[in-house]
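Student: Could you walk me through this one? I have not looked at it before.

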Amino acid sequence: MAEEVCCLKAQLKEKEKEIAALKKKLAQLEKNHTTVLELHDKVTPITSLTSKPALSNEDIMRYSRQLLLPELGVQGQLNLSKTSVLIVGCGGLGCPLAQYLAAAGIGRLGLLDYDKVELSNLHRQVLHGEENQGQAKALSAAKAVKRLNSTVECIPYHLQLSTENALQLIQQYDIVADCSDNVPTRYLVNDACVISGKPLVSASALRMEGQLTVYNYRGGPCYRCLYPVPPPPETVTNCSDGGVLGVVPGIMGCFQALEVLKIASGQGSSCGQQLVMFDAQDARFRSIKLRPKQPGCAVCGENPSVTQLVDYEAFCGSAATDKCRKLNLLSKDQRITVQDYKSILDNAGPHVLLDVRPLVEVDICHLPFSLNIPLSSLEDRKSEHLQLLQERISELKQQMAGDCQPPVYVICKQGNDSQKAVQVLEKMSGSEVDSIAVKDISGGLMAWVKRIDPTFPQY
Ligand SMILES: [Zn+2]
């Protein structure tokens, strides 16, 4: 009898344990279910963050390794939990930034991006996965952040930051991080931060280099103090033109996270008066002291002329996007379509196909029989390249009876550089090389992929 009682008691204890485990699992599932993320397509008012009176046992466990740091401590952790950060751009910089801010226990993250996840993003935008292709980046990033730390409040914004919405949005956050990839957005974010009195942690990355500065912080300069005039649009290179090694924005985004955390915790950033430059090739950081806030600055100076947001695309002469601009330098009769070129190929019409992309791009993919002379070599009149071109023209002249002008068709990736090349070649025709009939293949290789050969690689 006593043995039976003992046995039943043990069984009961076992069942109680099982029930407790099931309850815990259910609570976790319900918690995840209630934090369904809503994608915002416009700026709406949000409630202000309330500060926690103390850390919970779960907080202490989760953040224990950083709580041990005297630089942070309990007060620093509590400060993080009541800070909101707006991340402008959920790409190569924004992904690691959001990840580390969430991991460290920032209170609220606004995640803004107008793009969708593409395969060519994944080498550097490491919050997104293959299964997120086609999804709004802001939502994909918010979901990933929530998986890491469900206690962080995330607001994904699928919208383009504009003169109309920037102030309303930025006023609702404590710190702004610029992770954008174009000049008009940098000026827009800067001006909105100055007008709203918010510190701006700004970074950029291109090719093998990165930069970081904290603007409008503790009496330091703003972006306009240093760059009062935007650069000419044709001198600006973005990642889709110039390329970038994924880890470079990764490093710079982590660096941004560090400075945001220092500001948010109350420790303070020391990057308000300096520009930090990272050279990935030499594995070196350099720091340049910045000139101070300018009394004559148009937005943060003593008599500002910019007191409300302006038209930044007009101010910079370029669009607020990293998508390639379409140049229109030539007349209609100086260009042919990819379909026209395909029929020339099919009819075996004699011609020279001149590919003016840099060699590194030609190595990725090229059309057979193309002659590769980079635009820069044409512009610089590199003699070995001009000789090569002249040889091909001479061969063609021999094939073609009579004294007609041999046709030269120029191609590049998107159809911008090829138009510039046509202009250069027209100047050379009849003087530096024999007289030729030169035409641009409109839309370049990317039009070729779209309309003629979908198996040709896209990059
Ligand atoms: Zn300024």
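Predicted model: local features only at pLDDT ≥ 70, side-chain atom pairs only at ≥ 80, totals over all residues.

Tutor: Strand E6, which spans residues 209–215, is mostly covered, since five of its seven residues are buried. Buried means that 20 or more other C-beta atoms, placed from the backbone, lie within 10 Å of a residue's own, whereas exposed means 12 or fewer and partly exposed is in between. Helices (H or I, at least four residues) and strands (E, at least two) are DSSP runs, numbered from the N terminus.

Student: OK, in what sense do E5 and E6 pair?

Tutor: Strand E5 (residues 200–206) pairs with E6 in the antiparallel sense over seven bridges, where pairing requires that DSSP finds at least two bridges between two strands. Leu200 stands opposite Tyr215 of E6. The two strands E5 and E6 form a hairpin with two residues between them, and Arg207 in the turn has a positive phi of about 55 degrees.

Student: And which residue in E7 is the bridge partner of Glu209?

Tutor: That partner is Asp279. Strand E7 (residues 274–279) runs antiparallel to E6, and four bridges join them.

Student: Switching topic, which residues does the "active site" annotation cover?

Tutor: The UniProt annotation, from an unreviewed entry, covers Cys239 and Cys412; UniProt positions are given in the numbering used here, feature names are shortened, and annotations may be inferred rather than shown by experiment.

Student: Where is Cys412, then?

Tutor: Cys412 is in the loop between strand E12 (407–411) and helix H17 (417–428). Cys412 counts as buried because it has 25 C-beta neighbours inside 10 Å. Leaving aside residues up to four places away in sequence, Cys412 touches Val356, Arg357, Asp417, Ser418 and Gly444, a contact being two C-beta atoms, placed from the backbone, within 7 Å.

Student: Zooming out, how many helices and strands does the protein have?

Tutor: The protein has 18 helices and 13 strands. Its radius of gyration is 29 Å, well over the 23 Å that the globule rule gives for 459 residues, so the protein is more spread out than a compact globule. That radius is taken over C-alpha atoms, and the rule is 2.2 Å times the number of residues to the power 0.38.

Note on methods. Residues numbered from 1 in each chain as written.
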